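This report concerns salt bridges and strand pairing in a single protein model. Please view the sequence and the structure below before reading on.

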Amino acid sequence: MSTESATATNDAPARRDLTALVKAYDIRGLVGEQLDADVARALGAAFAEEVAGEAGRVVVGHDMRPSSPELAAAFADGAAARGLDVVLAGLCSTDGLYYGSGALDAPGAMFTASHNPAAWNGIKLCRAGARPISLDTGLARIRDRAQDLLDAGGTVEGAKGDVTEQDLLAGYAGYLRDLVDLSGVRPLRVVVDAGNGMAGLTTPAVLGTTAGLPALPIEVVPLYFELDGTFPNHEANPLEPANLRDLQAAVVRERGDVGLAFDGDADRCFVVDADGEPVSPSAVTGLVAVREILRAREGGDTEVSIVHNVISSAAVREIVVEHDATPVRTRVGHSFIKGEMARAGAVFGGEHSAHYYFRDFWYADTGMLAAMHVLAARGEVDQPLSALVADYERYVASGEIN
């Protein structure tokens, strides 16, 4: 090889391979190294091409990570360059984005890396009505189109769609309150660890009055509500026991009735009782399942199904059967859960990882709605949460071993 050829080869920009960035159910990687504005713009254009036949607009939201606003704006620019209108929702939780996708009947993109450390970011994509997109249902095509764009130089040009801004928070909060009425519960003191994530925005809106809704008989004791994508206090991953310790101590210290811990994008919720003891997600699944079964029957449903994943406690199946409903077992993964729920018409689905899915929330997962069910159940009885969930905690759990 000549000196000139070697120099040209060495000076050429390295090809950005999207294979490692695009996962089975979402997009996630290191900012700068795997995901930057050019990549986000190409993915936005590719996403617009994938959904162009379904809708004339897309909704884009982002979490509090320092890189999220720039990446979301670049994605919106790419989608608009393919002729689609873009609704910028700004700061929101992942379930807030799902609300926007459902309420606006538009495909959506949420910029978040969920519980991953600050150096990471990513995108959760959905079709209109919050329907999931996985590798098998469109994500591979989006990846390949974006890869072709990047290989061709990354320039995205085309007829520009309109880009507008819309705050979804008040609509999201009101929608959840319509599904679970907390106005008549006994007064509760609830300690909430937002982990410096998006629950710091959504909790005051849903359980408080910052979205303009009436006050509830719930006193929220905030822990790490400041939106900070560097996560200065602890990682926003409540699945790790170490990240629950501050909440456990605070619930006891503050004499709380319930403790709630959310992950970074606030789509998962973990529950702690008044003694600081964690309530297993399987127990929460059982509790919420019973409430949703009864609610469905009151609404006229005669055949009611509940979806749970393969590593939920055996108690979940038992509890569903005891309430004359049909348990549906499926593999781990939100695309499988949502797909199976839609197929079976299930009213509710739960995973061991504290993802909770609701038919009345477009079959999407929302940690806040599950938390509201727990608060409603606690607020309807004069006994501690530990006694309330005792029948749902039937077996010793080994925990998740990776």
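A salt bridge is here a side-chain nitrogen of Lys or Arg within 4 Å of a carboxyl oxygen of Asp or Glu. The model is predicted, so local features need pLDDT of at least 70 and side-chain atom pairs count only at pLDDT 80 or more, while totals for chains, interfaces and linings use all residues. Residues are numbered from 1 along each chain as its sequence is written, and side-chain values use heavy atoms, with hydrogens and water left out.

**Salt bridges**

Side chains of opposite charge can pair when their charged atoms come close.

| Pair | Distance (N to O) |
|---|---|
| Arg295 and Asp360 | 2.5 Å |
| Glu50 and Arg141 | 2.7 Å |
| Lys124 and Asp267 | 3.0 Å |

Arg295 and Asp360 meet through their side chains at 2.5 Å. This pair links distant parts of the chain, 65 residues apart: Arg295 belongs to helix α9 (residues 281-298), and Asp360 to the loop between β16 (356-358) and β17 (364-365). Helices (H or I, at least four residues) and strands (E, at least two) are DSSP runs, numbered from the N terminus. For accessibility, buried means under 20% relative accessible area, exposed over 50%, and partly exposed in between (1.4 Å probe, protein chains only). Arg295 is partly exposed at 30%, and Asp360 is partly exposed at 26%.

A salt bridge also joins the side chains of Glu50 and Arg141. Glu50 lies in helix α2 (residues 37-51) and Arg141 in helix α5 (residues 139-151), so the pair ties together parts that are 91 residues apart in sequence. Glu50 is buried, at 11% relative accessible area, whereas Arg141 is partly exposed, at 41%. Both residues belong to a network of salt bridges that also links Glu49, Glu54, Arg82, Arg127, Arg131 and Arg145.

The side chains of Lys124 and Asp267 form a salt bridge as well. Lys124 is in strand β5 (residues 120-127) and Asp267 in the loop between β10 and β11, 143 residues apart. Lys124 is buried at 11%, and Asp267 is buried at 1%.

**The sheet around β10 and β11**

Strands β10 and β11 are part of an open sheet of five strands with mixed pairing, in the order β9-β8-β10-β11-β12. Its edge strands, β9 (218-223) and β12 (278-279), each pair on one side only. Two strands pair if DSSP finds at least two bridges between them. Strand β10 (residues 258-262) runs antiparallel to strand β11 (residues 269-272), with four bridges. Phe262 stands opposite Cys269 in β11.
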